[in-house]
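Please look through this structure with me, one feature at a time. Keep the sequence at hand as you read.

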Amino acid sequence: METTSRPNEIIKRAVALGLAATVIQAVMLIAFAWPAANVGPRDLPVAVAGPQAATVAQKLTAQDGEAFEIRTVTDESEARALIGDREVYGAIVTGGGAPQVLVASAASPMVAQQLSAIAQQMSGTAAASVQDVVAADPDDPRGAGFGAMVLPLVMSGIAAGVLLTLLIPSIAARGIGLVTFAVAGGLLSMAIVQGWLSLLPGSYPTLAAIAALVSFAVAGTIVGLASVLGRAGIGLGALTMLLIGNPFSAATSAPELLPQPWGAIGQLLPPGAAASLLRSVAFFDGAGAAMPLTVLLVWAGAAVVLLGVAALRTGRPETAPASELVPA
């Protein structure tokens, strides 16, 4: 009887796992395809300047009242300053003929393309005046390489977290492994990104430190959750980073182009914060870096706290049974 029931249990378990994998597949399709299929401006910060600024603002609002968050400034120099400070993605400058559009492809090549298209519509010619104030790296003008850089950082962090959890029993040793992975991974990844692929300008030590922080935040979340919750923590951490953090990171677009509130939520997770921080440091001299840096530090700090909780729990002496405490 037991021999018959055991194969049946195995078959039921196999069917259940197959159905569970199907659900995961559907969720992954939605998570990755839905944001890409619904890209469009949503309260996208842009500036308008010059004598016809009010008229341009009215036209933009009439075209789509929820697409742009418009800031009216006095002149071109003020508009350029806002772009450099990462407060707006671009500007439309009026006066002296057809409007001139200022873009920053380093902030988002996709937004730069959309603003260029708006310039063509407003001027009525395909040769509209568009100036790239903060250009993307010449070896990656469309930002494809930059966008593809985030997923490997996330996947490698997840893999490191899983391996450290499954193969290293000691909490202290897991912490040492996390630091080793973060430092070595940060140095090597930016050596590849800067030295070989030439995707990012800027200071190598600074960018390597950012990559190390990202690596620690992702891998540390996996290890910390698993150390406290067991193997369920691996799934929780991995799914959060992979199914929410990565597709909503806006590494290939901009947070304001993604469906809300997911674009904003993505910036509160390590993948989105990593993309924003790398852009700010590499192209904008650190402008706009405070928020993503804080997010990454919070995640890294949470990982340390989780490891501390797990270490305290592991080191707590067990209470002796009552029978051992009563003298014979």
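## Cavities

This predicted model holds 2 cavities of 30 Å³ or more. The largest cavity has a volume of about 60 Å³. Which residues line the largest cavity? They are S105, A106, P109, A136, D137, D140, G143, F146, L199, L200, R279 and F283.

Setting aside neighbours within four places in sequence, L200 is in contact with D137, F146 and F283, among others. Other contacts of L200 include M149, M190, V193, Q194, L207, L278 and A282.

## The largest pocket

The largest pocket has a volume of about 460 Å³. Its lining counts 25 residues. Nearest its centre lie R86, Y89, P255, Q267 and S276.

Helix 10 (270–283) and helix 11 (290–315) each supply at least two residues of this lining. The largest share, 5 residues, comes from helix 10.

## R86, seen from several sides

R86 is among the residues nearest the centre of the largest pocket. R86 counts as partly exposed, at 24% relative accessibility.

R86 also lies over the face of F284, at 5.0 Å from the ring centre.

Most residues other than glycine have a negative phi, and most peptide bonds are trans. Keep that in mind here. D43 has a phi near 55 degrees, a positive value in a residue other than glycine. D43 is found in the loop between helix 1 and strand 1 (44–49). Is D43 buried or partly exposed? With a relative accessible area of 44%, D43 is partly exposed.

A cis peptide bond joins Q260 and P261, with omega about 10 degrees. P261 is found in the loop between helix 8 and helix 9.

## Aromatic pairs

A pair of aromatic rings is described by the distance of the centres and the angle of the planes. The structure holds 2 aromatic pairs. One is W34 with F248. Their centres are 6.3 Å apart, with 75 degrees between the planes, and the pair is edge-to-face. W34 lies in helix 1 (residues 2–37), while F248 lies in the loop between helix 8 (231–245) and helix 9 (262–266), so the pair ties together parts that are 214 residues apart in sequence.

How exposed are these rings' residues? W34 is partly exposed, with a relative accessible area of 36%. F248 is buried, at 5% relative accessibility. The rings of F248 and W262 have centres 5.2 Å apart and planes at 25 degrees, so this pair is stacked. F248 is in the loop between helix 8 and helix 9, and W262 is in helix 9, 14 residues apart. W262 counts as partly exposed, at 31% relative accessibility. Together, ring pairs link W34, F248 and W262 into a cluster.

## An exposed loop residue

D285 lies in the loop between helix 10 and helix 11. Is D285 buried or exposed? D285 is exposed, with a relative accessible area of 81%. How far apart in space are D285 and P35? They are 29 Å apart, C-alpha to C-alpha, and 250 residues apart in sequence.

Note on methods. Residues are numbered from 1 along each chain as its sequence is written. This is a predicted model: local features need pLDDT of at least 70, side-chain atom pairs count only at pLDDT 80 or more; totals for chains, interfaces and linings use all residues. Side-chain values use heavy atoms; hydrogens and water are left out. Rings of Phe, Tyr and Trp (its six-membered ring) pair if their centres lie within 6.5 Å; planes under 30 degrees apart count as stacked, over 60 as edge-to-face and the rest as tilted. Helices (H or I, at least four residues) and strands (E, at least two) are DSSP runs, numbered from the N terminus. Buried means under 20% relative accessible area, exposed over 50%, partly exposed in between (1.4 Å probe, protein chains only). A charge sits over a ring if NZ of Lys or CZ of Arg is within 6 Å of the ring centre and within 35 degrees of the ring normal. Contact means heavy atoms within 4.5 Å. On a 1 Å grid over the protein atoms alone, a cavity is a set of points where a 1.4 Å probe fits but cannot get out, and a pocket is an open set with protein on both sides within 12 Å along at least five of seven lines; lining residues have an atom within 4 Å of a point. Grid points are joined across faces, edges and corners, and a volume is the space filled by probe spheres set on the points.
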